[in-house]
Amino acid sequence: MGEESESESEYQSQPNPSTTTYLTNVPRQTHSSPTKLPSRPRKIRKLCNTTDFHNNSNPRLIPRSLSSDGELESAISYLKSSDPLLIPLIQTYPLPILELSQPPFLALTKSILFQQLAFKAGSSIYSRFISLCGGECNISPDIVLGLTPQQLRQIGISARKASYLHDLARKYQNGILSDKSIVEMDDKSLFAMLTMVNGVGPWSVHMFMIFSLHRPDVLPIHDLGIRKGVQMLYGLEDLPRPSQMDQLCAKWKPYRSVASWYIWRFVEAKGANSKATVVGNSDVSVQLQQQMLSMQQQQQHQHFLDPLNGIHNVGACAWGQ
């Protein structure tokens, strides 16, 4: 299903469509020591051994969460050896921080509400939505289904987004989705199931998987920032198409989520140094600038999903600095 497409604000938060990607300005550093990870969410049940996963012998198995002890450090070490071009990026930017995730239903609800909105407008609507539900802890499928389109419209939620929220809640109520099943699904199945929700497109799912579930091997092939970063990193003449991204980034497996984070940082820094980072395509340049603004706005929201901090912080986890 497609992402929310109607214009509800002055900014587009999902260029490709999103959390986003979306990075805040980070001072360039020659060296940085790993940052201590804050409180960790419950580890995703490991269903495969490390050898099987790194050999990618069975992509349907659930890999260790990046929040698992030592996994992020392992990812950094692996990427340095598999792609030397990433080494300067890894040395320049500090180790990502993974913060405690919110329940999947709450993170997905928030992702829908923030679509196509500037951070300030999205935060205002989300605050009113929380009040309407009787508090953030009360946001559940039953509560959401109990809200009429008229009630949602009164707090600034479009009719289309109201239908998206209700569709997500119905899929939970009918047992098609649940927080438990989402956490325990493999990446391929999860992508297929979440894109069945009206208003939740591939970009939003990728952001949710990276920033809410801390999945290690997610490549947002539709994300303009990632595509532009790959173009710059490898000196490509043209912006790579989404269909080319898997092959171009194959050496990053099984830690494409972490590589993507550094690529987002790389593009952000380039954008800060030169106002237009995309050569020869003004439309793409404007789109990239919109995406960067969105990512910065989303990253300020420490409890929401991204590209990155939770760029979009589409989900519930934030990659801080």
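Lysine 180 is exposed, at 56% relative accessibility (exposed means over 50% relative accessible area, buried under 20%, partly exposed in between, with a 1.4 Å probe and protein chains only). Glutamate 184 is partly exposed at 28%. The side chains of lysine 180 and glutamate 184 meet in a salt bridge, 3.0 Å from N to O (a side-chain nitrogen of Lys or Arg within 4 Å of a carboxyl oxygen of Asp or Glu). Both residues belong to helix α9 (residues 179-184), four residues apart, about one helical turn. Helices are DSSP runs of H or I with at least four residues, numbered from the N terminus.

## Basis of the model

This is a predicted model, in which local features need pLDDT of at least 70 and side-chain atom pairs count only at pLDDT 80 or more, while totals for chains, interfaces and linings use all residues. Residues are numbered from 1 along each chain as its sequence is written, and side-chain values use heavy atoms, leaving out hydrogens and water.

## Other salt bridges

The structure holds eight salt bridges. One of them joins aspartate 167 and lysine 171, at 3.0 Å from N to O. These two residues are four apart in helix α8 (residues 159-173). Aspartate 167 is buried at 8% relative accessible area, and lysine 171 is buried at 12%.

In helix α14, arginine 265 and glutamate 268 are three residues apart. Their salt bridge has its closest N and O atoms 3.8 Å apart. Arginine 265 is buried at 1%, as is glutamate 268 at 7%. Salt bridges with shared partners join Asp217, Asp246 and Arg256 into one network.

## Helix α5

Helix α5 (residues 119-133) has 15 residues. Its buried residues include Phe119, Ile125, Phe129 and Cys133. The buried residues of α5 fall within an arc of 170 degrees seen down the axis, so they line one face of the helix; the arc is that of the directions from the helix axis to the C-beta atoms. Lys120 and Ser131 are exposed on the other side of α5. Glycine 134, which follows α5, has a positive phi near 85 degrees.

## The largest nonpolar core

The largest nonpolar core has 72 residues, and among those touching the most other members are Leu86, Phe129 and Trp252. Such a core is a set of buried Ala, Val, Leu, Ile, Met, Phe, Trp, Tyr and Cys residues joined through side-chain atoms within 4.5 Å. Helix α14 (residues 256-273) gives the most to this core, with nine residues.

How values were computed
Expected span 1.5 Å × (residues − 1).
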